[in-house]
Every structure is written in C-alpha cells, then in structure tokens.
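The following explanation is intended to be read alongside the sequence and the coordinates.

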Amino acid sequence: MTAAADVPSPTPTAPSRSAFGAAFDKGFEILCFSAATFLLAALGGIVVSLAIGGWPAFQTFGLNFFVSAEWDPVQEIYGAAGAVTGTLVTASLALLFALPLAFGIAIFLVELCPPLLRRPIGTAVELLAGIPSIVYGMWGLFVFAPWFAKHVQMPIMMSAEPGTLWEKITTGVPNGAGILSASIILAIMILPFIAATMRELLLTIPAQVRESAYGLGSTTFEVVRKVSIPYVRTGAIGAIMLGLGRALGETMAVTFIIGNAHGFPTSIFASGSTIASTIANEFAEATERLHAASLIALGLVLFLITFVVLALARLLIGRQANL
Amino acid sequence: MYRKIVLGLAACLALSACGQKSDPQGAAAPSSSAQIAGAGASFPAPLYAKWAETQKAETGVALNYQSIGSGGGIKQIKAKTVAFGATDKPLKPEELQAEGLAQFPTVIGGVVPIVNLPDLQPGQLKLTGPLLADIFLGTIKKWNDPALLALNPGVKLPNLPITVVHRSDGSGTSFLFTSYLTAVAPKWASVGASDAVKWPTGQGGKGNDGVSGYVKQTTGAIGYVEYAYAKQNGLPHASLQNAAGQYVNPTAESFSAAAAGADWSKAPGFYLLLIDQKDPAAWPITGATFILMHKAQADAATGKTVLSFFDRAFSTGDAAASELAYVPLPAALKAQVRASWSAIVGPDGKPVFTPTAQ
C-alpha cells in the first residue's frame, strides 16, 4: 500500500497515483468484506442445509429425538441422546486429561526449559498436532487398546469389589475399547493444540513483568500462579475451547476405539458412540430416507453443541476482558 | 528454514504437475479412450479396480469407480450422476421398477464367523444358525454353554464369557449376516436384517479391520468378516451347518455351490440372497454384489461401454477375481445376466449392447 492511499494528500504532483490508490483501496475493502461475508454465507448455508436435511427426523420424532437413546435402523426409530452423551462425556474427559499436561508443557517450555531442549520439545508438540486422526485411530486400536486392557483396565476390573458402584462403572469388555480409551486418545490429540497456543500466550508476557516478579523474590511457582496465568487467562480459555471444539468433532480416531454401541454408556470401560462416530459409521450406507435424515439431524445437533461451547468461551473471554 | 520448506514444496508440486501432464502423452490409448464413471459398494471395489486396470491396457476404456458405499451408489445412480451404481444390498424388484433401474450381480462373496479361542483350529468349532443367533442376541453368554458343548464334543471350550463383535459401520456384510440370522432363527426377528441394526450386545468395530482387530485382541470373542478378508488374513473361522444339515467351511467351492444351486430365473432383477441354500456343499451366508443401471440410457454409447466392460470382465476376469478371493459367477448365471442386458435400451429403444460371445 502506498503512503498516498493511507494519508489523503491533495498534492497535485501525483494525482493519477492517488486516484489509483483510492480505487484500489476501495476494491481491497470490497474484497475483504466479501471474504468475511462469504464465510458467513457458507456457515449459514451449512446450518440451513443441515436443518432441511434433518427435518424429516425432527418432524417424525419431535422432542424425542433429543431425549431418546434408542437407535434402531431396522425399526426406523432414532434418538440422539446416546450419541450426545457419548460426545460430551468423551470430550470433557479428554479435556480433563489434556489440560494439566498442556499447562505443564507450556510452562516448562517458557519458564524452565534449558534453551537446548526448547526447540526439540516445541517441535515435538507441533508434530503431534500434524498426525492425521486416522493414524491415532489405528494406533489406538492396535497398540494402545491391548496395552491399556492389560495394564489398566484388567487390574481395575479385577480389583473392584463385587456389588459396589465402582464395580458397576468399571465393567466392560476387557479389550481396551470403550469410553475411557477414546477419551485418552482424544486427550493426546488435543494436547498439542492447547499446549502450543498456551506457549505462544505465555511468550507474549513482557519480560519486564516476569522479571519484576522474580526480582521481588517470587519462586517460579509463584510467578506462574500469580503473574503468568492471570496475565494470559483470557487467551487460555480460548485455547481450551479450541481444544474442546476439536474433541467434540473428532471422528476417525474415536470411531476406531470407542466400541460403537448406541445408547447411554453404562461404565467408563463400556462401549459408546459419539455424534461424529455415528455419522461416520452409518452415513455411507444409509439408504432409508429417515436414517439419512436422522444422521444429518445429528450433524446439526453437533453443530449446535460446538456453537454453544464457542459462545460460552466468547462470553467468558468478554467477561474477563471487562474486569 | 521455512523458505527452504516452501521451496521444497513448490518443487514437489512442480514435479508432480509435470508428471501428470506427461502421463497421458506417454500412454497412448490403444483404441477408444472412453471414460465411465461408477460409484457404490466398497466390497467389490478392489476387484473393479483390478478389472479396470486390465481393461484400460487392453481396450483403453477407463473406469472411474468411487467406493463410497452402497447407499451412496444407490443415491448417485438415482440422481444419474454416474453411469452405474454398485450395491451389496440388492434393490427389491418394486423399487427397481419405480426408478426404472436394471440390476445384475457381478461377483459372489460371503460372510464368515471368526472366533478367538485358545488352541482352536480353523473350522474346528461347529455352529448352527440358531446358535449363532443366540450368541449374537446375548442369550448364550459363555463358551462352555451346554448347547455349544453338545454340538462340539471333543473341542475344549473354556469357561469364558463370549464377546460379540459386529460391524459398527453400515455395510453389506452386516446386511448379509443379519439376513441370514433372520432366515434361520425366528428369535432374530426382534432385531431384523439391515446394513446397520440395533445390536443387542457386543462391540462394534469399524470395517473388517476393526472387527478382526477386536476379535484378535479379545480372547473369547466372536465376530464376522467378509470371506475375502478372512482368507487373506488367515483368521480362524467357525464351520456352519447349512440347510442340508452339513457342516461346511467357507471356501471358493462352497460359495460357488450356493450360487449354482439357486434358481435365478425366478428372481426378477436378480433379487436373490444366496442365504441358506439347499445344496449340501453350499456355504449358508453367501451373497452377490450388484450393479445398477438405468434401463433407459440417455446416451447409448455410455451404456454400451459399461456393459461391454462387464461383458469382458465376465469373459476374462475370473482369474483376477479368484486371486483376490472373490468367487466368480457360475457360467449359467453369467448367461442369464447377459440375456438380461437386452432390457437396457438407448434413446432409439434398441438394446445398447448385445453380447457377442456365449
């Protein structure tokens, strides 16, 4: 951009150039505007087409679609509650596992890491983000699940007292496929996103701020707790929500490892399903109209859940920024 | 550092672009360079790809087959975005009629129950249809159930819970398997037959890989996979009792027997599942995979190319099919299929293709 475009200067020496700059600027504005509106239009279009595609399901089942966990393609009865529960449970558990680790990684990289290690660890975290989800799925099914079954699931199941609630929520097929395994795989998948964003956030803290805290005699822990984290709190919530968003929509890795049973999950080792896994499993062969419509309606439900999560994050960020 | 990566990527792109450009020039098409588009079932996709590769070299006809699943294949042929659709789940004659579609089988496959039990030889475990249904219904829960012991004297069946593994994705394999259970076990009617059902028990694995993965990792598991997959991966199968009361193993011969014994002439649109056939050698869970085409072809040349593709595949493609562990159609059935093509006509009302051989 020329200076003439930025500062309207009525010097008669270069009128053509200025006119060109003004015209170009107008065009640039229109381009940016259409880029932004194109996105909105695409988003709106997706929502509308999901709603239209899923309409037969909403029409047939009404509110039952959201509260029933019955999913029977033969009888043509569909309810989203099982998949919604599976989605929320796995995503929340994944966040629960990933969050402390991501914080640890980011804080280590920024505050404690010897410069020699900073690069390799940082790159490793970023590489983790680049692994395709199908690879996580295969690894989860063929490597992680057997190991998990042998070293975690079986000991827990065998040590559970018969008749207790604990026994009830730890029963399952001892092959490592189920809600908990899916959550752990998800946690590994969202870890790099949260960790990398968190690291960038922590790096934005001016050195003076941290150094002043150290100068006042704070320990590393105190600096992290009282200075760094409050400083980046707003952005951190955004990072967490991005991770959660990814966990909600993750498809392939979950499909491989969750055990794919419709209905409400009964224990942490039980098979379950998520919205994304159900769609991935059944859409290709959904020949009946109502079956396809119900899967599209599931897509809309997932869209709404993600939207609510992001809106909540915005709200939180807004509130924090106002404080 | 980033610049290097970008440069490298650019170089790769440039190279691949050149490669693509030079390709069509290098491979001169022998005769016509027609292109046909098809979409549908994933089960026959490797075979169609193999046939396409052979015929591209011989006749220059290029087949672009997208393995998007039977559901997608049916949708796309109805929308006329492809020259043919492919499905594992045959459409009923009424539906064919309503959509003006012709349907014919191309190759036979089947479903094989696989088990994971210690020290069990392939085929050693004998099962009947009703017992298999009881297992998949969750009514038989342990391997040392009296019913299983009575049927398998001399087989060491442990006191171990049975883990049922089924397909989680909608698939023709599940359709065939549940159709079989519906046919042989009245109790299975509560679940029904479809490419995805409400499984009463067990875990769902994605694809044949997912099912065999779960079965291999779980002692005491039973699942079902496509015959081709079971054969290529050497999974220990169970032998099944067929309609003639014989216990048979899944082999190319037992699938052929099921196909040969069926009376296709009384099946409009070849709507026939080869389930529980009477032939004493027949494997009970057998089925064909199908092609769907519009009876009224808007463009006679396209219809002709598609039919001559399958005509040629029937004549010369059996070896390729067997190699990939599919079962070719019996000769009599092939003749019937070829005869049925006379119903596929061009805008002038004449059949678009008349098979010369046979």
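**Cores, domains and local geometry**

Within this predicted model, the largest nonpolar core comprises 97 residues, and those with the most contacts inside it are B:F136, B:I222 and B:F310. Strand β4 (residues 101-116) of chain B contributes the largest share of this core, namely 8 residues. The core lies between domain 1 (2-108 + 288-343) and domain 2 (111-262 + 272-285) of chain B, because both domains give residues to it. In soluble globular proteins, nonpolar side chains tend to be buried together.

The surroundings of B:F136 may be examined in detail. Leaving aside neighbours within four places in sequence, B:F136 is in contact with B:V164, B:V165, B:F177, B:L181, B:W188, B:W199, B:P200, B:T201, B:I222, B:G223 and B:Y224. One of these partners, B:I222, is itself among the residues with the most contacts inside the core. Apart from this core lies another, of 68 residues, which includes A:A83, A:A236, A:A247 and A:I317.

How far apart do the C-alpha centres of domain 1 of chain B and domain 2 of chain B lie? The separation of these centres is 31 Å. Across the boundary, 10 residues of domain 1 of chain B are in contact with 17 residues of domain 2 of chain B. Between them the two domains of chain B bury about 1,100 Å², with 69% of that area on carbon and sulfur atoms. On the side of domain 1 of chain B, the residues B:K89, B:A325 and B:V327 supply 42% of the area buried against domain 2 of chain B, more than any other three residues.

Attention now turns to chain A and the confidence of its prediction. Chain A has a mean pLDDT of 86, and 93% of its residues reach 70 or more. Among the elements of chain A, the highest mean pLDDT, 92, belongs to helix α4 (residues 81-112), whereas the lowest, 48, belongs to helix α1 (residues 3-6). Over residues 1-5 of chain A the pLDDT is below 50, and this stretch has 5 contacts in the model beyond near neighbours in sequence. Where pLDDT is low, the predicted coordinates should not be read in detail.

Helix α12 (residues 275-282) of chain A is mostly covered, with 6 of its 8 residues buried. The buried positions of α12(A) are A:I275, A:A276, A:S277, A:T278, A:N281 and A:E282. The loop between α11 (252-257) and α12 of chain A holds A:N260. The phi of A:N260 is near 50°, a positive value in a residue other than glycine. Most residues other than glycine have a negative phi. A:N260 counts as buried because its relative accessibility is 6%, under the 20% limit.

A positive phi in a residue other than glycine is also found at B:D276, where the angle is near 55°. B:D276 is placed in the loop between β11 (274-275) and β12 (285-294) of chain B. Is B:D276 buried or partly exposed? Its relative accessibility is 24%, so B:D276 counts as partly exposed.

A:C113 is buried, since its relative accessible area is 4%, whereas A:C32 counts as partly exposed at 41% relative accessibility.

Technical notes: Residues numbered from 1 in each chain as written. Chains lettered and ligands numbered in written order. Predicted model: local features only at pLDDT ≥ 70, side-chain atom pairs only at ≥ 80, totals over all residues. Heavy atoms only, no water. Buried < 20%, exposed > 50% of the residue type's maximum accessible area, 1.4 Å probe, protein only. Core = buried A, V, L, I, M, F, W, Y, C linked by side-chain atoms within 4.5 Å. Helix = DSSP H or I, 4+ residues; strand = E, 2+ residues; numbered from the N terminus. Domains from an automatic or database assignment. Contact = heavy atoms within 4.5 Å. pLDDT = per-residue confidence, 0-100. Buried area = accessible area lost by both parts, 1.4 Å probe.
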